[in-house]
Amino acid sequence: MHNRFQLDDHYRAIVIGGSAGSFQVISKILSALPTDFELPIAMCLHRLRHVRNGFVEALNIKSTITIKEPYDKEPIRKGNIYLAPANYHLGVEIGNSFALTTEELLNNSRPAIDILLASAAQVYGKRLVGILLSGANKDGALGMKRIKDRGGLTVIQDPKECLIDTMPTSAQKITTIDHSLDVQSIIDLLLELNYKVKNAKDI
Amino acid sequence: MQEIEISQLRALTDLIKQRHDYDFGNYAMSSFRRRVQRIMELYKFASFDALMEKLRGSDAKYFQEFLSEITVNVTEMFRDPTFWVELRDTILPALLSDNKIISIWHAGCSSGEEVYSMAILLKEMNALDKVRIVATDIDNAILAKARDGVYSAKNMEVNQKNYERMQGLYSLDAYYKEQAGKAYLDKTLVKDVSYREHNLVSEVSFAKFDLILCRNVMIYFNQTLQNQVLKVFHESLYKNSFLAIGSKESLIWCEIANKFLVVNNEEKVYKKVKD
Ligand SMILES: C[S@@+](CC[C@H](N)C(=O)[O-])C[C@H]1O[C@@H](n2cnc3c(N)ncnc32)[C@H](O)[C@@H]1O
C-alpha cells in the first residue's frame, strides 16, 4: 500500500507553506498524522503580525501532535511540528536549529514562506520535502524553486482544489513540481513518507 | 539570482575582518546570507566577486553603508506591549524601590524607538530623573537616527497601537509632533540618554547596569557568539539585576543559563543570580 508515490527513504525534514484558504487544509493534515510521525515539520502560515497568541492554539485543537512556536536557535528535533511565530521570519540555520529574525517584510509577509523554504533547502538539500498550499500571493514560489534546485521533493495542493490558487500556480510557473495533490493525497504522501523513513532506519 | 555559497560567505567575512576590522564570522548564516544577497541587489553588483572587490578597497564611506545594510534595523516603539507592562508593573518598581539612581543599557538600540519607549514609560511612572540610560549600537548611521528622533509618520500607527495595548496613560501623540509625513519625537525625553557606538562582538563590558535590554539583536548571532556576548552582559550586570531579551529568544541553550533565573518566561526577563 505504501508505494503510490515511489518515495525515497532519505528525507529528513518537511516544510509547509500556506496562506489564504490554507487553515482548514492544514488542520485536516495535522489531524491525520500518527502521533509517532517521525520527520520534523516546520510550517510557515501567513498570519496577523501583531497577534502573538491564539493561532498555534487554534491549530492544536485538531493536531495529533502538539505544535510549538520555536525559539531562536532551538534545535530541530524529529517528531516535532513547528510553526513560525507572529512577526518573525523563521529560517533554518546550519547545525540543524531554527533562526528567527525581524528582517523587513518579504512578499508583504513576516513570516515569509520563501525564507523558511530557501533556508531549509540550504541545510537539508535533497533530504527536504516542501509542500505549498492555497494562498493569494506568490510567497513560497521562489522557496519551492530553491528546494527543487537542491534536489528536494516539491509538492503543491492541487490548484483546482485550492480556495485561492495563486500560490501553488506561481510555484508551478518557476520550477518543477513533483506532485500536485488534493488534501487527502497529501496526507497519503506524508503517511507513505513516514513509513519509508521509519523502515529505512530499522534495517 | 544564484544563491551565495557558504564558502563565499566565509571569504567575505574574512575579508571584512582583515580590511575593516569587523568580525561577522559568527553571525547566523541564514540571515547573513540574505543580507549579503540584498546588498548585491541594492547596489546592483554584477557578481559576488564585484562585491568582494569593492570591499577589498579601503572606501570607508562605502563600508559604513555596507554596515548599515548588513545589520537589520527593523524596530517598533513598545514592541511586544506585554513586555512593557511587565517592566512598568514589576521590574522597574522593584529596581526603583531603593530610591537610588538606576542604570539601563539598551544594547542594539537601532533607530531608538526602544529608548523612547523606555523614556515615555519612565516619565509616566514619574521616574525619568531617577534613571541613567546608555544606548549603543554597532552602526553609527542608525545611532544618528536615534539621536534625531525623527520617524516616518506611517510607522506611528503601529507604535500607537502598541502604546494602547500596554495601556499608556495618554495618547502616544502627546509625545511627538507630526509634520510633512514625519513624526518628531519630544527630544527632552532623551536629553540625558548617552548614545554610543559599541560592537558587542569585539568590545568588553564598560559599566555596570541594573537592567540590560538586548532584544532582537542576538538572533542574528550563532550560538557561539551568543554565549560570548552573554558573558559580556553577565559581567555588566550587578547581582540581582535584570536582563531582557526578545520574546522569541531563550537562554536555555546558552552556557551561562545557570547564572540567571527566569523572572518572566513569557516576556523573557532574567535575573542574574550568580557571579
Ligand atoms: C532588529 S534591531 C533591534 C532593535 C530593538 N532592540 C528592538 O528589539 O526592536 C538589531 C540592532 O542590533 C544592531 N547590531 C547588530 N550587530 C551588532 C553588534 N555586533 N553590536 C551591537 N549592535 C549590533 C543592529 O545595528 C540593529 O540596530
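A nonpolar core is a set of buried Ala, Val, Leu, Ile, Met, Phe, Trp, Tyr and Cys residues joined through side-chain atoms within 4.5 Å, where buried means under 20% relative accessible area, exposed over 50% and partly exposed in between (1.4 Å probe, protein chains only). The model is predicted: local features need pLDDT of at least 70, side-chain atom pairs count only at pLDDT 80 or more, and totals for chains, interfaces and linings use all residues. Residues are numbered from 1 along each chain as its sequence is written, chains are lettered from A and ligands numbered from 1 in the order in which they are written, and side-chain values use heavy atoms, with hydrogens and water left out.

**Exercise 1.** Describe how the two domains of chain B are placed.

*Solution.* 
1. Their C-alpha centres lie 28 Å apart.
2. Domain 1 of chain B supplies 10 residues to the contact, and domain 2 of chain B supplies 13 residues.

**Exercise 2.** Classify the packing of helix 3 of chain B against helix 4 of chain B.

*Solution.* 
1. Helix 3 (residues 48–56) and helix 4 (residues 60–70) of chain B pack at about 125 degrees, with axes 9 Å apart.
2. That angle makes helix 3 of chain B oblique to helix 4 of chain B, because angles under 35 degrees count as roughly parallel, over 145 as roughly antiparallel, 65 to 115 as roughly perpendicular and the rest as oblique.
3. L51(B), K54(B) and L55(B) of helix 3 of chain B meet Y62(B), F63(B) and F66(B) of helix 4 of chain B.

**Exercise 3.** Is N159(B) buried or exposed, and is D21(B) buried or exposed?

*Solution.* 
1. N159(B), in helix 8 (residues 156–165) of chain B, is buried at a relative accessible area of 3%.
2. D21(B), in the loop between helix 1 (6–20) and helix 2 (29–42) of chain B, is exposed at 65% relative accessibility.

Methods: Axes are lines fitted to C-alpha atoms, for helices over the stretch in contact, and angles run from 0 to 180 degrees between N-to-C directions. Helices (H or I, at least four residues) and strands (E, at least two) are DSSP runs, numbered from the N terminus. Contact means heavy atoms within 4.5 Å. Domain bounds come from an automatic or database domain assignment.
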